[in-house]
Every structure is written in C-alpha cells, then in structure tokens.
Amino acid sequence: MMASEYTTSEYIKHHLTNATMCSTDSGVAFNKACADAGFWAIHVDTLAWSVGLGILFLWLFRRVAKNATTGVPGKMQAFVELIVEFVDDNVKSTYHGRSGLIAPLALTIFMWVLLMNLMDLVPVDLLPWIAGLIGQYGFGMDPHDVYMKAVPTTDLNLTFALAAGVFILILFYSIKMKGIGGFTKELTMQPFGHPVFIPVNFILESVTLLARPLSLALRLFGNLYASELIFILIATIGLAQLPLHFMWAVFHILVLPLQAFIFMMLTIVYLSLASEDH
C-alpha cells in the first residue's frame, strides 16, 4: 500500500491498524468485522511477529551455544558472548539477591524487546504491501482491508503483557523472600509505622507497586508508537522522504537498543527491590 493511493489520514490510519481476528456468531471474522469484538479480538500481526522473533532469538542463541568453541570465536559467537557478558554484568551490579532466573530473564527481555524494536527500521510500506498482495492473490481480499503492523512494541496489548509478566514475578519474589506476612506488613506499615496509618500506607504502597508495570508498559509503547508514527509521516511526503527516513533510521539505531536496555534494567531493579527484606 503506497501513500499516493490514499489521503494522508487514510494512509496513517491504515498503517496504525492491527490485523485482527475474532469469533462472531457466524464464525471466525477478520479486521473490520471485529470492530465491536473488544477484549476478545486477537491482533494476529502482533502475535505472529512477537512469537516469530522470540523463536528466532532462541534458535540463534541455542545454535551459537551448541557450536561454541574454546579457541578464537567466530563473529557470531563473539557477538553473542558480548551480549551475554553485558547483561550478566548489569545483573550482578543491580540485583542484590540470589536467583538463577534473573540473568536468563534479563537476557531474554533485552534480546526479545530489541528484536521487536528493530522491526521499526523496516520501510513502513514494505510489509503492508506484501501482506496486501498475499491477501489479494491468495485469499481474494481487497488490499485496502488487509492490515499489517510489523512492530509488536507499538501495540499496547503486547507491552502490557510483558509488564504483566514482570508484575507476576515481582509478587512472586516479594512473597518468596518476605513471606505473606512480611509482604503484607510492607504494604500496610510503610512509610508510616503506626497502625492508625494502615489504610494510608496500603493506598500509597499499592499505587507504588502498580506503577511499576504500568510505567514499563507505557514507556516502551509510547516511545515506539511515536517513532513508528514519525516514520509513517515521513513516508507521506513522496520522494523527499528518503534523506529524512535515513536520518531518522540512523538516530533510531541508538534509540531502539536503548529502549530494550531500559526495559531490562527496570525489570532487574524492580525484582531486586522485591527480593530485599526490609
């Protein structure tokens, strides 16, 4: 789908719409037929790209680990070892408890979010155009009704799902390290240590606790959504987009890894705080 085929608003709306699947009374439906499906609609593109990139990460790192040598490493092995050591150093300097889960979790979060973020560098028209051709010639669909958002982290559903996973781990480590009684005491007896302030303490601590996953989800989503929107706006200006697209892409070579790093570091910090017995 090219920008010249639509008005600017139609073009932007099309690129910011997910490929959606839902269940209706007449069976499985897609896209426009799922407008009223609400929570029960599945964003197929987000699910497919996120799962696919996760499998790519697992396959690549497993392959490198199986073929690793003790001599002079190849370029791919050296690259993977650099990433693993980088993540391991950050975990050791930030997480003050003992857990065999934190380092693998941090590595998975960093690489998975990074790969999803890097999809932002793919030209905005390429994958929707390919999806439109597949829909048109493979399924007899109107290309205008075929959607494809290739950057999973521009979907709030995915960033909240990642944050929800981190939140579950926060609760798990809080209860594991402090016990149910200790965790309850932390929520009710801080920051004011008198029983009369228990309602106030509970409200304050609950807001602080819930703000952690909320900040994770919104920060990642906001940065990537804004970035993708700028790429789409650049694509609407015709041939003049090429130098602007290049400059914005070069800038994002630094921004996209940074967002993955921030998500990883905040996860480690939150789990470290959950593991501390105050």
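Are C22 and C34 buried or exposed? Both cysteines are buried in this predicted model.

**The disulfide**

C22 and C34 are bonded to each other, with 2.1 Å between their sulfur atoms. The count of disulfides here comes to one. The pair links distant parts of the chain, with twelve residues from one cysteine to the other. C22 sits in strand 1, whereas C34 belongs to the loop between strand 2 and strand 3. If you look along the bridge, the S-S torsion of C22 and C34 is about -90°, so this disulfide is left-handed.

**The sheet**

| Strand | Residues |
|---|---|
| Strand 1 | residues 20-24 |
| Strand 2 | residues 27-30 |
| Strand 3 | residues 42-43 |

Three strands make up an open, antiparallel sheet, in the order 2-1-3. Strand 2 and strand 3 are the edge strands with a single partner each, so one side of each has no neighbour in the sheet. Strand 1 and strand 3 run antiparallel and are joined by two bridges. On strand 3, H43 is the residue that T20 stands opposite.

**A buried asparagine**

Now for a visit to N201, which is found in helix 7 (residues 198-235). Its relative accessibility is 0%, and because buried means under 20%, N201 counts as buried. A polar atom of the N201 side chain lies 2.5 Å from the backbone oxygen of F192. Beyond its neighbours within four places in sequence, N201 is in contact with L187, T188, M189, Q190, P191, F192 and H194.

Conventions:
Residues numbered from 1 in each chain as written. Predicted model: local features only at pLDDT ≥ 70, side-chain atom pairs only at ≥ 80, totals over all residues. Heavy atoms only, no water. Disulfide = S-S within 2.5 Å. Helix = DSSP H or I, 4+ residues; strand = E, 2+ residues; numbered from the N terminus. Buried < 20%, exposed > 50% of the residue type's maximum accessible area, 1.4 Å probe, protein only. Polar contact = N/O pair within 3.5 Å; in protein donor to acceptor, adjacent residues only side chain to side chain. Contact = heavy atoms within 4.5 Å. Pairing = 2+ DSSP bridges.
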